[in-house]
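Hi everyone, thanks for making time today.

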Amino acid sequence: MSHSDRVGRRIMDLGIEGRSAIVCGSSRGLGRACAIALAAEGVEVLVTGRTASDVEAATKEINLRNAGKAQGLCCDVTTAEGRGQIIAAMPNADILINNSSGPTPRAFLDVAEGDWALGVEQNMIAPLLLTRSLLPGMKDRGFGRIINITSAMVTTPRPHMSLSSAPRAGLTAAMKAISLDVARYNITINNLLPERIDTDRQVFMAHAAAKRENITFEEARTRQVESIAARRLGRPEEFGAACAFLCSDLAGYISGQNLHLDGGSYPALV
């Protein structure tokens with residue numbers, strides 16, 4: 001079966017047909033993979049993104065595969081206005097996928113003072129505020145699934161990724177605390193930590209590494225593959241499938257966890 005045949009097909013019944021999901025940053029990349037996987041399970045998804053053409057294309061693709069399971073919204077989740085638009089479009093969402101693009105890699109001494117406030121706003125505060133808006137309804141209905149797409153940099157920080165590691169580690173800590181309080185209501189909160197999933201982000205990272213390390217783009221891409229124990233980049237649909245499972249009725253006993261999706265590369269035991 002080809003890659004295109006697999007995407008959007010239901011592999012097992014996850015018990016979430018008829019549920020609704022806000023998938024932030026889902027017009028492209030990892031968020032899009034999650035939206036596709038959830039729609040394949042019969043979930044109505046809200047596709048969001050900053051570029052109207054990308055939102056329209058992703059929504060159209062999902063609806064062609066899944067008979068109208070997606071609606072699109074062009075907005076900026078990192079702003080109060082954008083978050084308000086999202087909640088207004090799907091106020092009773094059962095599932096929330098928090099996702100935002102990461103910062104440009106740079107050395108710590110090259111990070112300006114204002115960059116820290118922006119990084120915290122985008123990758124920590126915005127997801128927490130969206131979560132706060134949806135939690136009361138989830139508690140009333142006795143079901144909620146919250147997934148935060150963070151980064152392997154949370155547990156394996158790198159010198160050029162401090163601006164990514166710090167806010168996302170803070171988000172992880174806050175979400176862990178919240179998860180302990182809401183588990184009794186059948187609300188789970190988990191984090192997906194991607195490493196080298198083959199999206200446009202990895203192409204961007206390869207260009208950044210080539211410039212930073214004075215190597216060719218091709219060498220940078222080769223190093224990406226060689227950094228992974230599986231010796232290949234991850235497929236977006238693999239990431240989406242993991243997200244869909246953690247959102248499922250079957251995953252109700254899994255909460256407060258960090259799941260590395262990295263081809264077996266994470267070096268630690270816990």
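Let's begin at Arg235, which counts as partly exposed, because its relative accessibility is 32%. Before going on, please keep in mind that this is a predicted model. Arg235 has a partner: its side chain meets that of Glu238 in a salt bridge, at 3.3 Å from N to O. Glu238 counts as partly exposed too, at 28% relative accessibility.

How many salt bridges does a search of the whole structure find? The count is 16. Let me show you two others. In one of them, the side chains of Arg28 and Asp200 come together, 2.5 Å from N to O. Here the pair ties distant parts of the chain to each other: Arg28 sits in the loop between β1 and α2, Asp200 sits in helix α7, and 172 residues separate them. Arg28 is partly exposed, with a relative accessible area of 44%, and Asp200 is partly exposed at 49%.

The other salt bridge is between Asp198 and Arg221, whose closest N and O atoms are 3.2 Å apart. Again distant parts of the chain are linked, with Asp198 in the loop between β6 and α7 and Arg221 in helix α8, 23 residues apart. Asp198 is partly exposed, at 36% relative accessible area.

Now for the sheet. In general, strands of a sheet pair through backbone hydrogen bonds, either parallel or antiparallel. Which of the two do we have here, parallel or antiparallel? The pairing is parallel, in an open sheet of seven strands ordered β3-β2-β1-β4-β5-β6-β7. At the edges are β3 (70-74) and β7 (258-261), each pairing on one side only. From one strand to the next, the twist averages 20°.

If you look at β1 (residues 20-23) and β2 (residues 44-49), you can find four bridges joining these parallel strands. One place to look is Val23, which stands opposite Val47 in β2. Helices pack on this sheet as well. Helix α3 (residues 52-66) touches β2 and β3, and its direction makes about 175° with that of β3. Helix α6 (residues 162-182) lies across β4, β5, β6 and β7, and runs at about 155° to β6.

Let's compare two more residues. Leaving aside neighbours within four places in sequence, its contacts include Asp76, Glu121 and Leu130. Glu113, found in helix α5 (residues 113-141), is exposed at 73%.

Asn214, in the loop between α7 and α8, has a phi near 55°, a positive value in a residue other than glycine. Arg231, in the loop between α8 and α9, also has a positive phi, near 60°. Asn214 is exposed, at 73% relative accessible area, and Arg231 is exposed at 52%.

Last stop: the surface. Met12, Phe245, Leu250 and Ile254 make a nonpolar patch of about 330 Å². Of these, Leu250 is found in the loop between α9 and β7.

Terms used
Residues are numbered from 1 along each chain as its sequence is written. This is a predicted model: local features need pLDDT of at least 70, side-chain atom pairs count only at pLDDT 80 or more; totals for chains, interfaces and linings use all residues. Side-chain values use heavy atoms; hydrogens and water are left out. Two strands pair if DSSP finds at least two bridges between them. Axes are lines fitted to C-alpha atoms, for helices over the stretch in contact, and angles run from 0 to 180 degrees between N-to-C directions. Contact means heavy atoms within 4.5 Å. Patches are made of residues with over 30% relative accessible area and no salt bridge: like charges are joined within 9 Å, nonpolar side chains (Val, Leu, Ile, Met, Phe, Trp, Tyr) within 5 Å. Accessible areas come from the Shrake-Rupley method with a 1.4 Å probe; for residues, only the protein chains shown count as cover. A salt bridge is a side-chain nitrogen of Lys or Arg within 4 Å of a carboxyl oxygen of Asp or Glu. Buried means under 20% relative accessible area, exposed over 50%, partly exposed in between (1.4 Å probe, protein chains only).
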